[in-house]
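Good morning, and thank you for coming.

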Amino acid sequence: MDHGTCNVIYLDRRADNEIVRRDNISRSLASRRASAVSDTPGYFHFAKSDGGEIHGNLETLLSIFQEIHVVNSGAACLSKISHLNESSIDHKPTVVLIDVPYDEEQRWKRLSREPRTPSPNATRHVAAVIEPEMPGDIYGMHLLLHVSSEIQQHSLSRLIVPVVVVSGQDERLASLPVLQSPSVLGSQAGMTDTMRLIRYLDAGAVDVYSSPLHKDHVHSLAVHAYRVHKEVAKEEPQFLVNRRSRKMSWVGVNEQKPYAYLREAMVSGLLQGICNPENVTDSINPNDVNVTPARQQIVAEAVGSWSFSAHDFNDDELLLGALAMLQHALTMPELQDWHMDSDELLIFLLASRTAYNEFVLYHNFRHVVDVLQALFTFLVQIGTLPPYPPGSTPQSGLPHSAIGNLLKPFDALTLLISAIGHDVGHPGVNNAFLVALNSPLAQLYNDRSVLESFHCAAYSQILRRYWPSVFADIGMRKLMINSILATDMGLHFKYMSDLGNLQDKLAHNNFTTDGWSVKVCEEYKDLACGLLIKCADISNVARRFHVAAQWAIILTDEFSHQGMMETELGIPTCLFGGPPERDNPIKMAQSQIGFMNIFARPLFEAVTESLGRSDRGAEREDG
Ligand SMILES: [Zn+2]
């Protein structure tokens with residue numbers, strides 16, 4: 001460390017804000033002031049304090065340091081500290097020389113006493129003495145106390161070295177024999193008062209000098225700067241741990257720019273949308289959708305088959321595929337109340353698509369259309385939606401199951417709408433990660449189904465704006481919330497257990513719902529909807545092999561991203577089964593098989609049994 005790699009801030013009320021170097025000191029304001037005679041007495045004006053003293057001190061400092069940041073108020077000093085702190089690299093110390101007027105205390109006492117006991121004469125006297133800018137600023141001893149307490153509380157870096165420079169010491173006192181400070185601080189020439197010295201040291205000063213500065217002072221300053229630099233460098237690991245622990249709670253911390261979205265934007269954006277919807281502006285333009293009639297035809301046909309691959313279509317084509325499915329459902333006379341024409345539906349779908357993050361690899365609009373198409377297929381298969389393409393003969397001539405019979409067109413439409421919004425605004429990390437980081441979103445939802453709650457709330461704002469009849473329908477809203485929250489894989493085994501109970505109940509009732517109350521039927525219908533969207537959400541593993549394999553790779557990439565963020569943040573992994581091994585095909589295959597055996601297959605099989613043999617979720621067409 002040479003003396004150029006040390007910042008020096010020099011605070012003195014009698015100076016001007018400027019940066020002084022050896023090559024410009026002769027042109028500096030301090031130099032001009034030194035040759036002028038000060039005739040404006042101020043609160044901190046002293047008999048001997050002409051500009052020559054500041055100029056002399058700067059020259060002394062520049063005998064060792066290359067650059068001095070001169071400031072003339074506490075506020076300017078603090079802003080300079082934080083500016084240098086932000087832009088500094090590699091443990092660069094910042095020496096802060098704080099001017100403390102010798103009789104500061106008496107002046108403060110007098111100042112605080114006089115206005116409280118005003119007399120006609122005193123008022124005039126005080127008004128003449130106080131400089132107008134004085135009361136708002138923090139200066140001298142007060143500033144020293146503030147800076148050192150900030151350092152103690154880690155709000156300011158330990159690399160800041162506060163040093164007191166006592167000015168305006170009475171010449172008569174200064175000429176008395178000097179009391180030397182303790183040996184460790186062998187540089188306080190001119191300090192005549194041990195009590196005063198101790199007071200400054202106790203307040204956090206690393207050293208105390210009297211003005212005018214001597215060359216010896218400056219040498220000891222360099223020693224202090226070097227010492228703190230060494231100490232901090234030695235404690236580097238601890239230093240990093242402190243920074244990490246700050247990262248653990250993201251509230252109010254703005255140094256993690258890349259994670260700003262996770263940190264607070266999700267919550268602030270959502271709350272603004274809920275509380276001030278009139279201020280939300282977006283630019284949805286249906287003319288942005290650009291698909292040839294031929295491709296439009298291809299995607300409209302593709303959504304009618306389980307061999308559908310969302311990877312084969314671009315975002316605009318996927319949007320038109322979603323439009324075809326919604327329009328098909330809305331042809332049902334029972335759904336007249338929620339009808340929208342194709343332009344309105346297109347705008348709603350565009351607004352929904354905009355709410356998905358393009359930077360997220362898996363949980364984006366493509367996944368959502370894939371889930372929508374899976375649900376659409378299930379609902380057509382169990383006969384809740386009419387055959388698709390319209391007018392075609394039903395593929396399944398099997399009788400409906402009792403639970404399948406509980407589902408009505410209203411439930412089918414709600415499920416399709418839920419699918420479109422079920423991952424809105426997904427940040428590409430899982431709930432456990434958001435909880436581990438104590439993210440604002442996790443705090444908002446008390447660590448429970450954090451993302452699913454967010455998707456639901458954020459999607460509600462889109463519905464409010466672009467499909468008001470859906471938003472206004474309390475029953476639809478209830479079922480949508482129920483269905484979106486069901487996609488939390490953290491609740492998977494609870495759903496499996498509820499499903500087991502349903503199967504038992506059906507078995508005891510001859511596989512019918514005869515004699516069940518309306519309330520019980522409603523409950524099981526809600527459960528069936530939750531189970532269907534769950535099946536659709538993880539149905540990618542049941543697609544044709546090459547389609548499923550592509551989904552697996554994309555999801556693995558998203559998990560790997562989270563793994564990298566965890567490494568960067570120095571936190572244990574929040575991924576089920578640990579971070580994926582992207583380049584190890586055996587491990588990837590094992591993890592896919594594990595997922596299918598533990599989660600997917602038992603769910604698909606039980607749902608098939610309860611909702612009808614025609615449920616395609618459990619069928620493997622991949623061979
Ligand atoms: Zn999903």
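Before the helices, a definition: axes are lines fitted to C-alpha atoms, for helices over the stretch in contact, and angles run from 0 to 180 degrees between N-to-C directions. Helices (H or I, at least four residues) and strands (E, at least two) are DSSP runs, numbered from the N terminus. This is a predicted model, in which local features need pLDDT of at least 70 and side-chain atom pairs count only at pLDDT 80 or more, while totals for chains, interfaces and linings use all residues. Residues are numbered from 1 along each chain as its sequence is written, and side-chain values use heavy atoms, with hydrogens and water left out.

The protein chain has 26 helices and six strands.

Let us turn to helix 17. How do the axes of helix 13 and helix 17 cross? The axes of helix 13 (residues 315-330) and helix 17 come within 10 Å and cross at roughly 160 degrees. The two helices are therefore roughly antiparallel (an angle over 145 degrees). Contact, meaning heavy atoms within 4.5 Å, is made by Met325, Leu326, Ala329 and Leu330 of helix 13 with Leu413, Leu416 and Ile420 of helix 17.

Helix 17 (residues 409-421) also packs with helix 24 (residues 518-537), at an angle of about 40 degrees and with the axes 11 Å apart.

Next, the interior. Buried residues, those under 20% relative accessible area (1.4 Å probe, protein chains only), make up 50% of the 623 residues in the protein chain. A nonpolar core is a set of buried Ala, Val, Leu, Ile, Met, Phe, Trp, Tyr and Cys residues joined through side-chain atoms within 4.5 Å. Of the 117 residues in the largest such core, Phe348, Tyr459, Trp467 and Leu532 touch the most other members. Helix 15 (residues 365-381) gives the most to this core, with eleven residues. A second, separate core of 29 residues includes Cys6, Ile54, Leu61 and Val161.

Finally, Ser28 lies in the loop between strand 2 (18-21) and helix 1 (29-35). Is Ser28 buried or exposed? At 4% relative accessibility, Ser28 counts as buried.

Terms used. Parallel < 35°, antiparallel > 145°, perpendicular 65-115°, else oblique.
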